[in-house]
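Q: Could we go through this chain together, starting with one local detail and then moving to the overall picture?

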Amino acid sequence: MSGLGWGRRFLMCPPEYFEVLYEINPWMHREIVADTDRAQEQWENLAATLGEAGAELEILPPEEGWPDLVFTANAGIVNGRQFIPSRFRHPERQGETPYGTGWFATHGFEVTELPLGVCQEGAGDALPFGDVVVAAYRFRSDAASHAYLSRLTGAAVRSIELVDERLYHLDLTFCPLDDRRAMVAPLGWDRYGAKVMEALVPEPLVLEPHETLTLCANSVVVDTTVVMPSCPPRVGAQLERWGFDVAVSAVDEFLKAGGGCRCLTLALDARLGPLGGGD
């Protein structure tokens, strides 16, 4: 088994200002109050679990007024030393972009921007697998962004249309495990997208609908450890047969905003395509 080749360094943002203040996906309900102390504890446990698995962590400072800044996966796309900031669809999140861009600019990354008017929500909707990038569109990202991503990164892009509004980002339906295996959730894709995935992933772990809606695909892989928000028994058994260690890190406070373990992290060592961004 050859590992992912990325996923040893992550950017995280403490949940000091995390709340559910608006509704921009079906998981969010303003009448449900997030327990901020519990959210902090869960975030710290996730960070500790990632560290125990061998990951290095960098911290994006939280900013008052931007409760979803904690979901760093949506900050943008990392390609070696290149950073492509997100262009959020919803005004409620658009103010996050300068903070993420500022962090990357001051840490030696080359910032390359998408054109105005093209929505794309970072690694939440674009993940590398082998020599290609799997990119999703419809709810948060535009299909038009995929050609720009390919042009800016030099990577081939495989487009997937999302069809279930509960699964509004790619990373709720797709979790690369190594160079051959991935957790995949056909519930979230149109028929063409499902065929694209069938052709792309040699050994898929196909999630049933009830498994998908636990957001178990929104997991973080560090070498052979899969850090999951939840682990349905069948899924855990298959991962263990493949030689992975499962670590469940509860993040149910963040699930109130529609985010799991992957949403709370952004891989800083990702490289897209066969060459990736320059050092």
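**Helices and overall form**

A: Helix α7 is followed by Gly 243, whose phi is positive, near 95 degrees. Helices here are DSSP runs of H or I with at least four residues, and strands are E runs of at least two, numbered from the N terminus. This is a predicted model, in which local features need pLDDT of at least 70 and side-chain atom pairs count only at pLDDT 80 or more, while totals for chains, interfaces and linings use all residues. Residues are numbered from 1 along each chain as its sequence is written, and side-chain values use heavy atoms, with hydrogens and water left out.

Q: Which residues of α7 are buried?

A: In α7, residues 233-241, they are Val 235, Gly 236, Gln 238 and Leu 239. Buried means under 20% relative accessible area, exposed over 50%, and partly exposed in between, with a 1.4 Å probe and protein chains only.

Q: Why do they line one face of the helix?

A: Seen down the axis of α7, the buried residues fall within an arc of 165 degrees, so they line one face. The arc is that of the directions from the helix axis to the C-beta atoms. Pro 233, Glu 240 and Arg 241 are exposed on the other side of α7.

Q: What do the buried residues of α7 pack against?

A: Their partners are β10 (181-184), β11 (203-206), α6 (209-212), β13 (225-228) and β14 (245-248). Contact means heavy atoms within 4.5 Å.

Q: Moving to α5, which residues are buried and which are exposed?

A: Helix α5 covers residues 191-200, and its buried residues are Gly 193, Ala 194, Val 196, Met 197 and Leu 200. These fall within an arc of 155 degrees seen down the axis of α5, so they line one face of the helix. On the other side of α5, Arg 191, Tyr 192, Lys 195, Glu 198 and Ala 199 are exposed.

Q: And what does the buried side of α5 pack against?

A: The buried residues of α5 pack against β6 (126-129), β7 (132-137), β8 (156-161) and β9 (174-176).

Q: Changing topic, how many helices and strands does the chain have?

A: The chain has eight helices and 15 strands. Buried residues make up 57% of its 279 residues.
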